[in-house]
Amino acid sequence: MNDGPNGSIADPHAATRDEMMTVAAARSLRDRDTCFVGIGLPSAAANVARLTHAPGIVLIYESGTIGARPTRLPLSIGDEDLALTARAVVSVPEIFNYWLQPHRIGVGFLGAAQIDRFANINTTIIGSDYNHPKVRLPGAGGAPEIAGCCREVIVIVRQSPRTFVRQLDFITSLGHGNGPGDREAAGLRTRGPVKVVSDLGVLEPDEVTHELMLTQVHPGVDVESVIAATGWPLRVSPNVTTVDPPTIEELQALRQLAVGGLE
Amino acid sequence: MAEIVSLADAVAELVHDGDTVALEGFTHLIPFAAGHEIIRQGRRDLTLVRMTPDLIYDQMIGAGCARRLVFSWGGNPGVGSLHRFRDAVENGWPVPLEIEEHTHAGMANRYVAGASGLPFATVRAYAGSDYLKHAAPNVASITCPFTGEVLTAVAALRPDVSIVHAQQADREGNVQLWGITGVQREAALAAHRALVTVEEIVDKLEPVPGGVVLPTWSLSHVALAPRGAYPSYASGYYSRDNAYYVAWDAISRDRDTFNAWLDEHVLDSQGANR
């Protein structure tokens, strides 16, 4: 796969790894889904879905914009384009209390700085001492409540041993805890992460143990390299399939959205 | 009745060293002009409260105004880290910064409780998160007296001063803001003293769909600050300057570059940075 940014639209195989990841994540969304969207990669993927196979999807941003239809990728979750194209704009307490908390929203789309084998997420600190972190990350935002209150969660994150770690430095947002029963014990009634889409492939929690298992690889990626990019002994499905490469339509949608943006 | 005064007078009267100060505005209507005025007046030891301490708090932290930060997401949206914030947390420069962090739902509901005159609010947020222990004592588990369900209680926020930016005020100091209105109503009503900076003062406020009105009698002061939310945006007035947010990354990375920027654009300037 081509790592360069200038792949020709006429040649879908020229997709970058990030583009492949974004398109694969976009395909996870269904038409008519309601989706709570984080900024960056999740927003790119959600909008590609809206512009291709899921025109009826309702995109919700934590700035209070419900049903946003941005013409290009927003730099922040509160860009004016989101407000001007939204069906409704509500306050921040309202978006969390009335819309997210009661499980009204189907899919939460999240990024991560670190993720572990049970799809728990860290976006807070790198380092073992909270008071003296090696790296101070932005923190929670709405992620813990998105992870807790959307009916299911999809994570989109670039894969390397630095991000796919054996042990999180901080649990910002609960995935599957240490396995079955942990979400319920924390008082959550939702499914949690159902899929992790990386730039190498797709991981899904095992139905019994909830541990992430590699189920798909992107075109040109072999299983060994995914294992090497994972900080724990990665379980691999006996039936790993290869993700279909991006269609011309998907790549065009993504690249048009990115014009003027930072993606 | 809110008195309409200059921004410099409003900050001098309402913001004191050691105060707990909330500047709110969720991406939209961020009160940059007021933050710069606080820097110019040399306030110290502030507890700064804000859900999303983006560039304005990076600037205030780098300028040495803050002793403590209460927040729920500290980044440069779509760009990356807040380098002055990180330098303060990781290296104690220019002064050590204590932090207390929450989730967005937690912070929003802390303001709701403050605005409601209640000691706490209840949320499902924080479940299974390490924030349950790190945000203590302002977060605690609570059992519902009706269902027995275990939920999270978040302590009310009652800032000494809240500052928000709005599009318009009338000559009596009634305020209207619209577009993405974030948590500004709650922040203003939760505070002991509230300052609103506005783009313009008009003879009569015309109701706008989705508009939030803050009556003059609920506020302390209103101050005129045209382009006072720049480089964020004011819907109907000007757009977000995304290039400024991108450029901030390089300016803020280095202490000397930051200090030079501060001298030129804030300390030597009478108004907000243009």
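Start by selecting B:Phe120 and B:Ala155: in this predicted model, B:Phe120 stands opposite B:Ala155, which belongs to β8(B). Strands here are DSSP runs of E with at least two residues, and helices are runs of H or I with at least four, numbered from the N terminus.

Now show residues 150-155 of chain B, strand β8, which 4 bridges join to β6(B) in an antiparallel run. Two strands count as paired if DSSP finds at least two bridges between them.

Touching, or contact, means C-beta atoms, placed from the backbone, within 7 Å.

Move on to B:Val196. Leaving out residues up to four places away in sequence, the residues it touches include B:Val164, B:Leu214 and B:Val222.

Finally, colour the two chains separately. Here 42 residues of chain A are in contact with 45 residues of chain B. On chain A's side, α5(A) gives the most, with 4 residues.

A note on labels: residues are numbered from 1 along each chain as its sequence is written, while chains are lettered from A and ligands numbered from 1 in the order in which they are written. Local features need pLDDT of at least 70 and side-chain atom pairs count only at pLDDT 80 or more, while totals for chains, interfaces and linings use all residues.

Terms used:
Contact = placed C-beta atoms within 7 Å.
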